[in-house]
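Thanks for coming, everyone. Please put the sequence and the structure side by side on your screens.

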Amino acid sequence: MRCYFCLQPIHKSFDYVLVAHKLENDADLKAQRQKAFINQLEKKNIRVHRIEHEEKVFFGLRAPPEIFEDYQYLLKVSDSCNWCGDVKGAVTQATRYDKRHPVFRLMNLCIFSHDAQRDKQKQLKKKWARWSALFTGQPSNDVRRYFGEKVALYYLWLGWYTKLLVPAAVLGVVVFLYGLAFFQTSPLIKEVCESNITMCPRCDKRCDVWQLSDTCTYTKVSQLFDNEGTVAFAMFMAIWATLFLELWKRHRAIYVSKWKVYDWCEEEEELIMDIVNDKFCKPKQFRHSYFRSALVLALVTLMLMIIIGLAHALVVFRVVAAPLLSEGKWDFISENANTVAVMLGAVLHYVTMQIMTRVNRWVSLKLCEIEKTNSFAATERSFTVKMFTFQFFTLFSSLFYVAFFLGRINGHPGNYVRIAGYRLEECHPSGCLTDLFIQMAVIMLLKQTLNNIFEFTVPWLKSLCSKNAAKKLQRKCGYCYRKTCRDDQGRIEPCDICKLRDWLRNYHLANTDAFSLFNEFLEMVVQFSFATIFVAAFPLAPLLALINNIFEIRLDAIKMVRLERRLVPRKTNDIGIWTKVLEAIGVLAVIANGLVIGVTSDFIPRLVYRYRYGPCATGITDTHCMQGYINDTLAVANSSHFLPKQMMTEYGFNVTQCSYRDYRNNDFSLTSQFWLVLAVRFAFVILFEHVVVVCKFIAAWFVPNNPIRVKNARLHDKLARLKDELR
């Protein structure tokens, strides 16, 4: 089953085209269904023009003018929208049928463009859908006239999101440069690089003791992202997310008011469509089933458990891979086994995401079928929430483990926690934030780069390889255009060869469906999650998002205008449930960044050391306040907890003691410093979240959703309309 896209004919065209496989046997069940469906269309006074070509049958449909007149009148009297505009572009489903109809297994709806629409497409190609227009603005009004309000609002939102990423990206670069400017003079780096401390083996049996100074480079990278600047930047991004949404609501209000769809309502729109299709239709009643709701909830929970189980599988992979890599023949890999394991885990996570995306979509559709929602709009909202929830857990389960569990549940010498006989991973002595940074950087770069490459090259190659089919009819079409493409009254009416040429040209374009725009929104909202939720660990995330979006806007424009069948234009006045999803992400970003700074990073332990245990706290003023911090965070274990061969250094000397990262005494009991650091961590998280939440509420209150000029314009429009009705 395929949906064949809107064609771009030269002259007068059809409203829809249905494409089906040619069936030779009229007694076949599919042929009977096909014939019955066409008969239903003809009973509604829809003109059907049939053209056969090879193994396909094309049915060109022209709806009677009464359908559009009825729609226009009902739209005028509806409370949802008092506007009578370009109804031809708005009534994209005026003659639609229920997709559960069996004939839709054979044929699907496709809308043709008229001459005006073809001109709009040429304008979009000329000034928007080309790479030379990379840094130009979004022609929202032109996009709306050609694709409808729903697609126009997507580009309007994407353009606004990209514009507001500029200050976030600039500040992220400043924070990164701040860490780059001072990390060379950091006493923590000097302490690690010049250390002679012997660290305990990273794994059982296969791993030996190692020198802390071997991880000098790793410590330098950690200091680039784990510094005081990330705290301020995380607070800024949490407030930025709120300001972005509030300013977007104002920006949206200006355009939907200009487009006269401010009061538009999906429910009334669907009722109008049903009446136009069948004047004796009855509304679908609202129903609620506790059994269905409980079943859906149970299945959603089961699916989330499976997704979290996959995250645990990635953890097991890293736990097993690290000791195996440490035994490798390549010195570089064996010396950086943990880092290589983290990067391999991130790549495997990306592969898992690509597979689970298809599984999540199938499960979400099945759950929507179980729910039996009242309308298409309700089904779309339900599907969006489920699909995003599944995708979010698929993408972030592994990141949450790295952020909040890595190195905190692994135990201590003599009592290590194991999975499948292997010890859990430990954090580096300089902190765990670098592991989270590596995981995010690999996933974000792979996801954005590879997705954009496949997203563009697949339809481009398909369009390139399938142009020959329509070119075969080019010469014949040129002849018949001069001879036979005018009727007795001199009106232009393309002949069958002309029609078929245009139909085939567009038939071979990349397919579009109800998920095409959803996929674009999902990709951008997931990127928004990456740029806000764990931004404390990756200040360059907004910069990567900005660079990606500059190309994403142009890529999507070229793809939609040139390489894909035209999306079915749909009316709307907002981005729908995605607004609620973005608000939820903004709240989660506050919680996650507070926990990342308070729990994952070493900001709090360093703060406690500086003012409670460091040289400055004890009255020593001739040295740096953080001198001795690394040694303070290490505990000592005896050689009795490890195999004798593990306690041998690379130079052949045996050691009797080794260090590991933790606040423990010689008997492995927790020190008082551990409890003080833990208390300050929790206090900071609570204080951070409350301060940022208050700032978010103040920002939301300070920025009204509707500009004053929009309110005044709508007031004048209502007054003028009431006066017209009175006259």
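First, the ground rules. This is a predicted model, where local features need pLDDT of at least 70 and side-chain atom pairs count only at pLDDT 80 or more, while totals for chains, interfaces and linings use all residues. Residues are numbered from 1 along each chain as its sequence is written, and side-chain values use heavy atoms, with hydrogens and water left out.

Now the whole chain. How many helices and strands does the protein chain have? There are 25 helices and eleven strands. Both are DSSP runs, numbered from the N terminus: helices are H or I with at least four residues, strands are E with at least two.

The protein chain has 727 residues, and 51% of them are buried. Buried means under 20% relative accessible area; exposed means over 50%; partly exposed is in between, with a 1.4 Å probe and protein chains only. The accessible surface of the chain is about 35,500 Å². Carbon and sulfur atoms hold 60% of that surface. Accessible areas come from the Shrake-Rupley method with a 1.4 Å probe, and for residues only the protein chains shown count as cover.

Next, contacts, meaning heavy atoms within 4.5 Å. Take those between residues at least 6 apart in sequence: 79% of them join residues at least 24 apart.

On to the core. In soluble globular proteins, nonpolar side chains tend to be buried together. Here, the largest nonpolar core has 123 residues. Such a core is a set of buried Ala, Val, Leu, Ile, Met, Phe, Trp, Tyr and Cys residues joined through side-chain atoms within 4.5 Å. The residues with the most contacts inside this core include Trp157, Tyr161 and Trp240. Which helix gives the most to this core? Helix 6, residues 149-182, with 16 residues.

Look at Tyr161. Leaving aside residues up to four places away in sequence, Tyr161 touches Trp240, Phe244 and Ala531, among others.

Leu543 sits in helix 20, residues 541-563. Leu543 is partly exposed, because its relative accessibility is 26%. Leu543 touches Ala169 and Val173, again not counting residues up to four places away.

Now find strand 1, residues 16-21. Five of its six residues are buried. Strand 1 pairs with strand 3, residues 56-62, in the antiparallel sense over six bridges. Two strands pair if DSSP finds at least two bridges between them. Across that pairing, Val17 stands opposite Gly60 in strand 3.

Next, the surface. Val351 counts as partly exposed because its relative accessible area is 41%.

Last topic: salt bridges. A salt bridge is a side-chain nitrogen of Lys or Arg within 4 Å of a carboxyl oxygen of Asp or Glu. The structure holds 18 of them.

Stay on helix 13 for one example. Lys366 and Glu369 form a salt bridge at 3.9 Å, N to O. Both lie in helix 13, three residues apart, about one turn of the helix.

Another joins Glu52 and Lys22, at 3.5 Å, N to O. Glu52 lies in strand 2, residues 47-53, and Lys22 in the loop between strand 1 and helix 1, so the pair ties together parts 30 residues apart in sequence.

Is Asp602 buried or exposed? Asp602 is buried, because its relative accessibility is 1%. Arg661 is partly exposed, at 25%.
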